[in-house]
Every structure is written in C-alpha cells, then in structure tokens.
Amino acid sequence: MRSKLMVGNWKMNGSLMANASLLADVLAGMADVQCRAAVCVPAVYLAQVQTLLAGSAMGLGAQDLSAHEAGAYTGEVSADMLRDFAVRYCIIGHSERRQYHAESDVTVAIKAQRALAAGITPIVCVGESLAEREAGQTEAVVKRQLAAVIHANGHCISEIVVAYEPVWAIGTGLTATPEQAQAVHAVLRAQLQAATAHADRVSILYGGSMNPANAASLLAQPDVDGGLIGGASLKAPDFLSMLKAASR
Ligand code: PGA
C-alpha cells in the first residue's frame, strides 16, 4: 500500500522569521504523524529550511526548476542546484506557472525530466479550469497534460508524483467533492497503468482548498494518496491536523 504523502506548497509566502516560527510549531507536533510529509518553499529559503528540517521527518521541496541544465538563463534555478540543498521534491507545472508563466505541456514534461535526472521527485500538477469542467473536458485536459509527461519520461514515469489540482478549487475555498476527486484520480491511475507496470507505486495527490474539515473524506478515497496544500499549510495547527488525518 502507498503511504500517504502530504505536501505543503508555501507559494510566494514566508520570511526568515515566519518560516522559523511556522516550522518550529509544525515539527513540535510531528510525534504522532505517520505519513510522508514535505514542504515546498521559495528557492531563496531552501538553505534556511534545509537547516531547520535537519534530522526531522519533514522533507524539503522546491516549487519550480529550470527546463535547462545550466548556463545563460538569468534568474533560473537548475535541478542540480536544488540537489545541492538536498531537495527531495519539486512541484512541476503548477497551474499558476502554466497560467502566469505560459508553461506548456512540453515545458512541464522537460522539467519533470530534469528533476528525475537530478534524483528529485517531480510533483507534476494537472487540472482543469472551471470553463473546461463545465464544457465536459476535465478528463481530456488532465489526460493531455499527463500524456506529455509520460511521453517524455518513459519507464521513469513510476518515479513521479502526480497532483490533481482543479484550477477552480485553488485558493478559492471551493473543493472538489471526494467523488469528483476520486473520479479524476481513477482516470489518471488508469493512464499510468497503461504506461507502466508500476503505476501502483505512483502517489496521486489532491490539491485545491484542502483543509482540516475536508481532508479526511478526500483521503479516504482509494486513489487519493495525499494532498498538495497551499493556504492551510501556512498555519501550523491546520497543517498538523491534516498530517494526522493522513496518518490514520
Ligand atoms: P490551496 O492551494 O490549498 O491554497 O487551494 C493548493 C495549491 O495551489 O497547491
């Protein structure tokens, strides 16, 4: 059985002081947490958070990496650079990057490849907009997004993590129902099964306004293997309560 994986996505939030205080509170409450857990922090805080997490069960993650290996790409951070800070996970293709930074399916697939080559687990995000859901295109959209990553990564595909994040649920307080989430997760699982004999190893996370009130029912679904949590991961009691819900 896959143990649950709960990942905080801090997005562009935090400060040296706020990070130290948040993580002190989270780590102090981790004694009865059994699930796998990580926080994906802004790149400038990787060194700080690496130190704060040393010796703890909380993994370190980044939020993006460059599609290029090295060289004249001002402002970019490479997969190998992340590896220098013992980064274990990297969010790839978050809808905010697809939307505000025009990341295509192909770019996302290359970034996933870069992560895997550096020994970092890519958390590949897929998800439909509200207009796409209303037009009945949910399945086609998420399958197209995942297909690009499968195509570029071949047999390594069993090493990725997938996050289903309906765009209309991110930061809006609207959540997919457990049934809606499970339906899409089952589609993604079937697609992975067609690509690899090891699809059962792939964790498929749900993200989009996951919170202490809805986490348990989402996590109870057979193909929901954890969560990618934005806003609620910035509040230690909320994040801890969700880590505990994933530990049952
Ligand atoms: P949210 O964000 O939990 O604040 O909706 C989730 C995400 O975007 O990863």
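Contact here means heavy atoms within 4.5 Å.

First, the ground rules. This is a predicted model, so local features need pLDDT of at least 70, side-chain atom pairs count only at pLDDT 80 or more, and totals for chains, interfaces and linings use all residues. Residues are numbered from 1 along each chain as its sequence is written, and side-chain values use heavy atoms, with hydrogens and water left out.

Now Asn214. Set aside its neighbours within four places in sequence, and Asn214 is in contact with Thr175 and Ser209. Asn214 belongs to the loop between strand 7 (204–207) and helix 9 (215–219). Strands (E, at least two residues) and helices (H or I, at least four) are DSSP runs, numbered from the N terminus.

Is Asn214 buried or exposed? Asn214 counts as buried because its relative accessibility is 13%; the cut-off is under 20%, with a 1.4 Å probe and protein chains only. A polar atom of the Asn214 side chain lies 3.0 Å from the backbone oxygen of Ser209.

Ser209 takes us to the ligand. Thirteen residues surround the ligand, and Ser209 is among the closest, with Lys11, His94, Glu165 and Gly171. Near means a heavy atom within 4 Å.

Next, the polar side chains. Lys11 has a side-chain N or O atom 2.7 Å from an oxygen atom of the ligand. For His94, a polar side-chain atom is 2.7 Å from a ligand oxygen. For Asn9, that distance is 3.3 Å. Taken alone, the ligand exposes 290 Å², and the protein buries 95% of that. These areas come from the Shrake-Rupley method with a 1.4 Å probe.

Note on methods. Buried < 20%, exposed > 50% of the residue type's maximum accessible area, 1.4 Å probe, protein only. Polar contact = N/O pair within 3.5 Å; in protein donor to acceptor, adjacent residues only side chain to side chain.
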